[in-house]
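Below are some notes for a colleague who is opening this entry for the first time.

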Amino acid sequence: MPELPEVEVVRRGLARWVIGTTIDEVEVLHPRPVRRHEAGIDDFVSRLNGATVLDVVRRGKFLWLSLDSGEALLAHLGMSGQLLLEAPDAPDEKHLRVRLGLRGGTGRELRFVDQRMFGGLAVVDLVKTPDGGPGGLGGVPAEDAPVPVGLPGEPAGDGPVEGEYTAGEALIPVPVAHIARDALDPLLDVDLLAARLRRRETGLKRALLDQTLISGIGNIYADEALWRAKLHYARATETLNRPTLNRVLAAAQDVMREALAQGGTSFDSLYVDVNGQSGYFERGLDAYGREGEACHRCGSQMRRETFMNRSSFFCPKCQPKPRSGRF
DNA sequence: ATAACGCCCTGTGTGC
DNA sequence: TGCACACAGGGCGTTA
């Protein structure tokens, strides 16, 4: 459930502390989180040992460390994944899956902790993006990156911030090549998105969750965006005119920027930054998880419906069901 | 080709 | 008390 803001919080933490460090003493404690590395665990370990981190980049919910070997360590947090920077002598987490030593940094090691193991790590090749640029936030050139000093939790220097996107000859991991630019990507092509939505025969929430159309939006922020835009989840995408599309897109961007400014949303201890700290945006939610509570806009009782094997929360008055919706 | 379903995982909460 | 089951849901392989 970490969505764009939560993953970006992690990316910023990693960018600040691991760029310039060299990976060593990689230890895989459970095979499943490395299942996407098809050449096997030994190959995963040997490709990482001795590699130096040049950059930390994100597109949608995918995150990767670009390495001086020309490859990338690709990470997806899935439902419950965490990337933590910890002292090597800190006790192992119950669900610690992969440990990566880091030389030349703060002395902390990088840990991939994942209870449900929907997420994972893989060392993958990079390819040039068809439209140039890595997408998402970040992509800061290594030479401009802050030198890791001090300890996590005691920020030193300026980390990458929104707007520091750099276009150019950027590369993207092969498994991410089919993922669309994300909702906060300055190079998101809204005209292209509009054209693809018009041709789609599906419901609006399905489209918002389709990472090949627009990425970074998950179940929580989809519901929040629809509530803010006063649109029903089953609204047929081919009936969306451009102002309405702009409205829901702006709502998604607004709510994710607000969440990012709060350090992300946290419902429990699963969604944390590299220091294990939770965000504070939960209080800012208007739709997700509010079944039976009063709509923050009109006071009607919020409803929950099961859809796509997920819960959808909405206000039945502000977001009326369309006559011919697509579920 | 597109659209949608089902599976993978584990811990928590609920009902019988 | 213990057991069964629903739920959380992103991404991808399979099916229609």
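In which sense do E6 and strand E7 pair, and over how many bridges?

1. The pairing of E6 and E7 (residues 109-114) is antiparallel and runs over four bridges. One facing pair is Leu 96 and Val 113, the latter in E7. Please keep in mind throughout that this is a predicted model.

2. E6 and E7 make up a hairpin, and five residues lie between the two strands. Gly 104 sits in the turn and has a positive phi of about 85°.

3. E6 covers residues 96-103, and seven of its eight residues are buried. E6 also pairs with strand E1 (residues 22-28), in the antiparallel sense and over five bridges. There, Glu 27 is found opposite Arg 99 in E6.

4. A separate point concerns the open sheet of five strands, whose order is E2-E3-E4-E8-E9 with antiparallel pairing. Its edge strands, E2 (53-59) and E9 (171-173), each pair on one side only. On average, and with direction ignored, neighbouring strands of this sheet are turned by 30° against each other.

5. Within that sheet, strand E3 (residues 62-67) and strand E4 (residues 71-76) are joined by five bridges in the antiparallel sense. Leu 65 stands opposite Leu 73 of E4. In a regular strand, side chains alternate between the two faces of the sheet.

6. Helix H2 (residues 41-48) lies across E3, E4 and strand E8 (120-128), and runs at about 60° to E8.

7. DNA strand C is surrounded by 15 residues, and the closest include His 76, Met 79 and Phe 118, along with Tyr 288 and Ser 311. By class, the surface near DNA strand C consists of five nonpolar, five polar and five charged residues.

8. Which parts of DNA strand C supply its atoms within 4 Å of the protein? Sugar or phosphate accounts for 66% of these atoms, and bases for the rest.

9. For Ser 311, an N or O atom of the side chain is 2.7 Å from a phosphate oxygen. For His 178, the corresponding side-chain distance is 3.2 Å.

Methods: Residues are numbered from 1 along each chain as its sequence is written. Chains are lettered from A and ligands numbered from 1 in the order in which they are written. This is a predicted model: local features need pLDDT of at least 70, side-chain atom pairs count only at pLDDT 80 or more; totals for chains, interfaces and linings use all residues. Side-chain values use heavy atoms; hydrogens and water are left out. A residue is near a molecule or strand if one of its heavy atoms lies within 4 Å of it. A polar contact is a pair of N or O atoms within 3.5 Å; within protein, one must be able to donate a hydrogen and the other to accept it, and residues adjacent in sequence count only if both atoms are side-chain atoms. Ala, Val, Leu, Ile, Met, Phe, Trp, Tyr, Cys and Pro count as nonpolar, Asp, Glu, Lys and Arg as charged, and the others, Gly among them, as polar. Two strands pair if DSSP finds at least two bridges between them. Axes are lines fitted to C-alpha atoms, for helices over the stretch in contact, and angles run from 0 to 180 degrees between N-to-C directions. Contact means heavy atoms within 4.5 Å. Buried means under 20% relative accessible area, exposed over 50%, partly exposed in between (1.4 Å probe, protein chains only).
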